[in-house]
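Hi,

Here is the structure I promised to pass on.

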Amino acid sequence: MQIKIILSSLILLFMSADALAWTYYLSQNLGVNGLMHYCKYSNGQVYTFEATDLCELTIEDSAPGFGQGMGFLSGEYEDGMTKICVYDVLGESRSVRQNGVSICPLNFKF
């Protein structure tokens, strides 16, 4: 009986993982540099958007210490016939393998 209660509690915890996002507000528009528009938010982080896009007034990102979060493109390199896109996710590097001719998305949800 206790095992069923523990399992059902774990299932509920994992199902509600998307609810751990916090809303952050635009604190400073840092302007456009090259092809990127830099925007600083109330969590102290700088997020990048395409140069033609305006800074979003609010963004949702993972709460500190919870979930994998949203990754922001920090680099890329080729590996044979594929491309590795490297993302910064809450201070950690994560990577995704893409087709060698594709373009790495600026954001990737892990």
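This is a predicted model: local features need pLDDT of at least 70, side-chain atom pairs count only at pLDDT 80 or more; totals for chains, interfaces and linings use all residues.

**The sheet**

Four strands make an open sheet in the order S7-S6-S5-S8, and the pairing is antiparallel. At its edges are strand S7 (92-99) and strand S8 (107-109), each of which pairs on one side only. From one strand to the next, the twist averages 45 degrees. In case the words are new: strands (E, at least two residues) are DSSP runs, numbered from the N terminus, and two of them pair if DSSP finds at least two bridges between them.

Residues are numbered from 1 along each chain as its sequence is written, and side-chain values use heavy atoms, with hydrogens and water left out.

**Around strand S6**

Strand S6 (residues 82-89) pairs with S7 over 8 bridges, in the antiparallel sense; one example is Tyr87, whose bridge partner in S7 is Arg94. The hairpin of S6 and S7 has 2 residues between the strands, and Leu90 takes a positive phi near 50 degrees there. With strand S5 (residues 70-79), S6 has antiparallel pairing over 7 bridges, and Glu76 sits opposite Cys85 in S6. That hairpin also has 2 residues between its strands, with Gly80 in the turn at a positive phi of about 70 degrees.

The largest nonpolar core has 8 residues: Tyr24, Cys39, Tyr41, Tyr47, Phe49, Cys55, Ile59 and Phe72. Strand S2 (36-41) and strand S3 (46-50) are the elements that give two or more residues to this core. A second, separate core of 5 residues includes Cys85, Tyr87, Val89 and Val96. A core here is a set of buried Ala, Val, Leu, Ile, Met, Phe, Trp, Tyr and Cys residues joined through side-chain atoms within 4.5 Å.

Tyr41 counts as buried at 1% relative accessibility, and Tyr47 does at 3%.

Cheers

Note on methods: Axes are lines fitted to C-alpha atoms, for helices over the stretch in contact, and angles run from 0 to 180 degrees between N-to-C directions. Buried means under 20% relative accessible area, exposed over 50%, partly exposed in between (1.4 Å probe, protein chains only).
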